[in-house]
Amino acid sequence: MAAAAVMVSSASGLLAMLQEPAAELKLHALANLNSLVHVFWPEISTSVPAIESLYEDEEFDQRQLAALVVSKVFYYLGELNDSLSYALGAGPLFDVSDDSDYAHTLLAKALDEYASIRSRSLKATGEEEMMDPRLEAIVERMLDKCILDGKYQQAMGMSVECMRLDKLEQAISRCDNLNGALSYCINLSHQYVSHREYRCEILRCLVKIYQTLPNPDFLSICQCLMFLGEPETVGNILGKLLSGSKDDALLAFQIAFDLVENENQAFLLSVRNRLDTLSVQASAQALPSDQTDNAATESSGDAQMADNVVTTNGSVHTVDSNEVAHADRLTKIKGILSGETSIQLTLQFLYSHNRSDLLILKTIKQALEMRNSVCHSATICSNAIMHAGTTVDTFLRENLEWLSRATNWAKFSATSGLGVIHRGHLTQGRALMAPYLPQSGAASGGSPYSEGGALYALGLIHANHGEGIKQFLRESLHNTSSEVVQHGACLGLGLAALGTADEEIFEDIKNILYTDSAVAGEAAGIGMGLLMVGTASEKAGEMLAYAHDTQHEKIIRGLSLGIALTVYGREEEADTLIEQMTRDQDPILRYGGMYTLALAYRGTANNKAIHQLLHFAVSDVSDDVRRTAVLALGFVLYNEPEQTPRIVSLLSESYNPHVRYGAALAVGISCAGTGLSDAISLLEPLTSDVVDFVRQGALIAMAMVMIQTNESYDSRVGTFRHRLEKIILDKHEDTMSKMGAILASGILDAGGRNVTIRLKSRSKHDKLTAVVGLAVFTQFWYWYPLTYFISLAFSPTAFIGLNSDLKVPKFEFLSNTKPSLFDYPKPTAQQTTTASVKLPTAILSTYAKAKSRAKKDAESKAQEKAEAPQSEDASTASTSMQVDGGAEKKAPEPEPTFQILTNPARVVPAQEKFIKFLEGGRYEPVKLAPSGFVLLRDLKPTETEELVLTDAPATQAATAAAGQQGSGASAMAVDEEPQPPQPFEYTT
Amino acid sequence: MDPKLVEVTQLFSRFKAAFARNDFDTSVSLLSQLKVLLTKFPSLPPSFQQTPNAVEELKIARDIYEHAVVLSVKIEDQDAFERDFCQLKPYYMDTCGIIPQSPEEYPILGLNLLRLLVQNRIAEFHTELELLPVNALENACIKHAVELEQSFMEGAYNRVLSARQAVPHETYVYFMDLLAKTVRDELAGCSEKGYDYMSITEAKQMLMFSSDQELHEYITEEHPEWEIKDGCVFFQKAKETQPCKEIPSLQVINQTLSYARELERIV
């Protein structure tokens, strides 16, 4: 007998049998073909028409089998569409649970098809597209099977994609790990659902499920509600938690911090109002709680204030300690929701951890030619960025005379730079700026430029938290007729009242706009946009109409950016406006249209938007529009930074320098703070482009990408730093690229090396302020003072743990990697400056020789001189290192593989995945977040708490770190909060 | 013995009787019944399950299909021939080692080769030939077909026609007759290419027609584009009708220009 492996060598016999007149024979042939199709599909494919005709033969009783055979053959031929339609014809014979490639592929195809039909029918609601019931049946069978098999994640993913919320609900409710499933769904809806309305629907559905749970995850619910824009519900939840146990209150605080991180001012305001009304309803003691509220707004809550409130509360309501506790909690949560608590803690963190390198600034300052005002103001700007939010203005103080060279608009920028440095210094902001502010009544002695700059600076200080300063800015706007002051006031108001859609302020700014002055009008346009951010209000039409009327290009540009801001994040809702603007005759309005596309679809990676932008990038006649179109890609794609370098790589090689510039910035924006290797490789050649402004853009973009990465993480960072220095020191470099290099060195070390550019919050929401800030920042092409808007995009990379009193207790946790990987960059040594001095000297004759000898003597002396401060510098560095080492309790001889961090600590984004919390400590985090504000649950509440900022060694460490900053710093560090520096004045 | 096998054997003997009587209608209907019954045997291709009766079943199935092939020749049905041969083939190709070789194998394979030659499917002819073992080429039936093909290719049509006298098997006669027609078609094709015109007598001789009438019929049926006038056959018309390909110059120019424009935009 033959071996068992006897096989037919050809299917021709079976195919011939198909031609037989007898039906039984055909059936026999089909059944055998079905089992052999995987081997003989090439032979069968020639006879497919015959089998098809069998399927179409109404009298043949096994039509479905014929369909299945044809479907399989088409599958092997790669004709998936035909294959699917025949598989549908096969009906129940098509086995969903079959574990073959054929079944898997076709199921995927079926799902795709179904999902695309569903999404199409969602868009064209008018005419319902015909849905093949057979297709639906297959998909439902598939979903049911997944749910039965316990593959819940698959089922959820598929039902989200197929827009079957009923199935989604079913899948979630069957799942054993409900909270996990829900958070998975939330992630899903943010990452993969591009249609805004549908995303809202999913979230609403999720919230519904959440609310039925006995033990809901309030953190996630509130994130959902925030996206849905339902402040009342959030308010109710918070109210309930506040009146609960101590742990509940902690949770409420945590929620509040998470909400604040998303920077939606209007939403937070409504939540606060809701809490107010709740407390009024809840108890008859509404009056005192209102009083504390007033107190909170007046003194604009710092830590001491909170203490005061607690004590006053305690003395008034001795009757019921429960009530007192509740009122206390209410005050605290309001403080958090107003953003003041987090801003103040951030300020403390940035101040105490400031590691900016003044030597870099000094080098820049010395290298520059005095008369070049562009580089001069770029240096001032760079300083502001480097110290953003740290309140350290040592550099300005030390160079008052040099500073006074700034005149006119440069003076405006210089003054507003103070606002960046003191960003978030809400309590003292106005006092700080007082010397420059317009004096009401008295004859104004100051120049309008510094006055305007000061108003702008106030806006920057109070950006998105302008409750306290709005009124003052409005008054200043009323009291002036100088367009420079109006300019500053409009920007300041826009920033302070960001997104509040305040009617009165809008009217004020509109009046300025209608004076039709170019300078003031531009700022008014932007200011109106800032005010109405994301409201999609009808005001956009009004603005567009005026843009058509006016003659001034500056006003049109300001307005078009303003219009773009109003539709921030509205996605499809903005389509008509986008259409209107991109079709306009005026290139400036089309340019605004690009921004509209960018902001409406920010961080969605929406295919349609990308397609449109790419189209404009290659087809528009105006270079400005092209540049902006490419740049806008960065905004649309920032949720998928890995994609951007690939998409713009061709554009970065364009013949048109404007397109190259746009490509560089697009990468800079979307990959900001990631240190992505692809992005760096793309930008590297652009930094040595032939055109000066492309170099400028590439340098700035590179700095944005590399922010907070150090040399041991990516060696190219070191090369880039050297390159920046070379450009700045090179006398023959173009001013444009020089300015780029100066700004880049500022951005690279922004905020005392403790901030990064982050466009998405940790909960994956878009950060409104940051996105808006970057969008306006890119306008610096036309108007240098707008460079300062970049400070809105900075967010501190810190882990700040808080106890129930919102104080920073002593708490340690682990960074499970080599410390050097995420360490601060080493402070620069002065070596480089001496090297540049030592130029080779050409010797021409004996006379020259003698002369050169004399010169050499002088040179060596200079060298000696230069060495002295260098050694001094080294010694300070080493001492500070020793102090650090003591604090860490780890000898750094062989590089350890982990590092103990103490609260509050710098945790850069790339480091977050290495953060581990130690078990068995006194505190336990409420939420396992590796950075940001985290509430800590006290496991031993009876023991006395050790607070970090009053802790002696920690203060010393901070002093040592700040010691480099020069005089006054150590004195300030003793206090719990930095005192405002003395005002100083510079005059021309 | 398996009742199914018994049933088939009985039916098959009835079929053989009818076949011997040349009662073709009965044979055809019996044959289709037999084929249906054969589908019940799991040991037959393509499943080849090992059952106790496998050898007998395979043998009888092969026998049935061999008869089916011969029957289709007798009733002069080329489609049925192809169908039956295809179903028979697995028994020849895949069962060696299970059942002994059939004495009818080479005559039937040769018959199939002849059929392919008649239908002018030369490529398939050679494919089939390649599948045969080397020693099979010595067999008279196969050799016959191979020689015919060689003569056919060389253009030695007279040798092809004279080979009818030396057929190795009586069933071959039917295909040999058909081959004459194939040869005529080849000749007609060649003449068309080779000559502008040809006198009727020459054409008659060339295409092996005995009368003018037959020639006329052939021309109107097979080559309506030929023209008969002045006692000659003109092939000119067929050549003229060949379409002249025009260069789509405008379209090409347009395309090139638009490429150039796009290139300028993108780079």
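Q: In which sense do β4(A) and strand β7 of chain A pair, and over how many bridges?
A: This is a predicted model, where local features need pLDDT of at least 70, side-chain atom pairs count only at pLDDT 80 or more, and totals for chains, interfaces and linings use all residues. Residues are numbered from 1 along each chain as its sequence is written, chains are lettered from A in the order in which they are written, and side-chain values use heavy atoms, without hydrogens and water. Strands are DSSP runs of E, at least two residues long, and helices are runs of H or I, at least four, numbered from the N terminus; two strands pair if DSSP finds at least two bridges between them. β7(A) covers residues 915-916, and its pairing with β4(A) is antiparallel, over 2 bridges.

Q: Which residue stands opposite L814(A) in β5(A)?
A: β4(A) spans residues 812-815 and β5(A) spans residues 899-902. They pair in the antiparallel sense over 4 bridges. Opposite L814(A) stands I900(A).

Q: Is N464(A) buried or exposed?
A: N464(A) lies in the loop between α26 (448-461) and α27 (470-478) of chain A. Buried means under 20% relative accessible area, exposed over 50%, partly exposed in between (1.4 Å probe, protein chains only). The relative accessible area of N464(A) is 3%, so N464(A) is buried.

Q: With which side chain does the side chain of N464(A) make a polar contact?
A: Contact means heavy atoms within 4.5 Å. Neighbours within four places in sequence aside, N464(A) is in contact with residues including E263(A), Q265(A) and L495(A). A polar contact is a pair of N or O atoms within 3.5 Å; within protein, one must be able to donate a hydrogen and the other to accept it, and residues adjacent in sequence count only if both atoms are side-chain atoms. At 3.0 Å, the partner side chain is that of T769(A).

Q: What is the area buried between chain B and chain A?
A: The contact takes 23 residues from chain B and 27 residues from chain A. Buried area is the accessible area (1.4 Å probe) that two parts lose on being put together, summed over both. Carbon and sulfur atoms give 64% of the total, which is about 2100 Å².

Q: Which element gives the most to the side of chain B that touches chain A?
A: Across this interface the rule finds 0 residue pairs in polar contact (both at pLDDT 80 or more). On chain B, the elements giving two or more residues are α2 (24-38), α3 (54-74), α4 (78-94) and α13 (249-266). With 7 residues, the top contributor is α4(B).
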